[in-house]
Amino acid sequence: TGTGMDDATAARIFEPFFTTKETGKGTGLGLSILYGIIKQHGGMVTVSSKPGHGTTFTIHLPLAAEAAAGTFDKEYAPAAGGTETLLIAEDDPAIRRVISHVLRQFGHRVLEAADGEEAVEMFRSNAATISLVILDMIMPRKNGNEAYEAITEIAPGMHVLFLSGYPADLIAQKALLPPGAAFLQKPVSPMELLRNIRQVLDGRGERADG
């Protein structure tokens with residue numbers, strides 16, 4: 001129901017970092033991520049659009065021959081909490097509230113920042129008590145990598161866990177993630193988040209570069 005697109009714009013919408021929004025208003029990654037996920041599942045996506053007539057996306061996915069065996073019966077080790085103080089920087093308030101609630105439920109003390117700049121200032125004021133920083137990759141004012149660089153200047157070796165809705169390979173391709181940094185792709189389950197936090201704090205976190 002939007003303004004629609006001309007043919008030249010529609011031809012580029014799946015390109016990474018292409019956006020028609022103002023600077024700072026969009027990353028140009030959303031439709032690229034959508035396209036990549038659908039292709040990984042053997043599907044395709046088409047777009048139909050005209051200026052003044054809105055846009056229609058059609059997603060085609062292959063029908064599975066049979067249900068995948070064992071998809072839902074995987075057993076997970078119970079997640080362990082802790083008493084450490086964690087700083088989370090996430091510009092989506094709903095996601096930030098949910099993550100903070102989960103961490104507090106499992107014993108952690110949580111400090112919350114709404115963007116990268118606020119995260120750095122909050123860390124500067126509480127560096128002596130913070131054990132781990134959780135950073136969203138794409139945030140206003142300072143992105144996750146920029147906030148990470150500023151924080152590690154204050155406290156070299158600080159434990160950091162990056163979160164993002166964008167795939168790790170795309171982030172690595174665009175050099176958005178520091179080499180060897182721990183990374184989780186959103187959406188992430190509470191138990192998976194807690195396990196990875198514990199692994200990073202204990203020095204056993206999985207690295208984005210393998």
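Helices (H or I, at least four residues) and strands (E, at least two) are taken here as DSSP runs, numbered from the N terminus. The structure is a predicted model, in which local features need a pLDDT of at least 70 and side-chain atom pairs count only at pLDDT 80 or more, while totals for chains, interfaces and linings use all residues. Residues are numbered from 1 along each chain as its sequence is written, and side-chain values use heavy atoms, with hydrogens and water left out.

Helix α2 spans residues 30–40, and its buried residues are S32, I33 and I38; buried here means under 20% relative accessible area, exposed means over 50%, and partly exposed lies in between, as computed with a 1.4 Å probe on protein chains only. Just after α2, residue G42 adopts a positive phi of about 75°.

Across the whole structure, a search finds nine salt bridges, a salt bridge being a side-chain nitrogen of Lys or Arg within 4 Å of a carboxyl oxygen of Asp or Glu. One of them joins R198 to E84, with the closest N and O atoms 2.7 Å apart. This pair links distant parts of the chain, since R198 belongs to helix α7 (residues 190–201) and E84 to the loop between β2 (55–60) and β3 (85–89), and the two are 114 residues apart. The relative accessible area of R198 is 15%, and R198 is therefore buried.

A salt bridge is also formed by the side chains of K186 and D136, at 3.2 Å from N to O. Here too the pair links distant parts of the chain: K186 is in the loop between β7 (182–185) and α7, D136 is in strand β5 (residues 130–136), and 50 residues separate them. Both K186 and D136 are buried.

Rings of Phe, Tyr and Trp (its six-membered ring) pair if their centres lie within 6.5 Å, and planes under 30 degrees apart count as stacked, over 60 as edge-to-face and the rest as tilted. The ring centres of F14 and F57 are 6.5 Å apart and the ring planes stand at 70°, so this pair is edge-to-face. Because F14 lies in the loop between α1 (7–10) and α2, whereas F57 lies in strand β2, the pair ties together parts that are 43 residues apart in sequence. F57 is partly exposed, with a relative accessible area of 36%.
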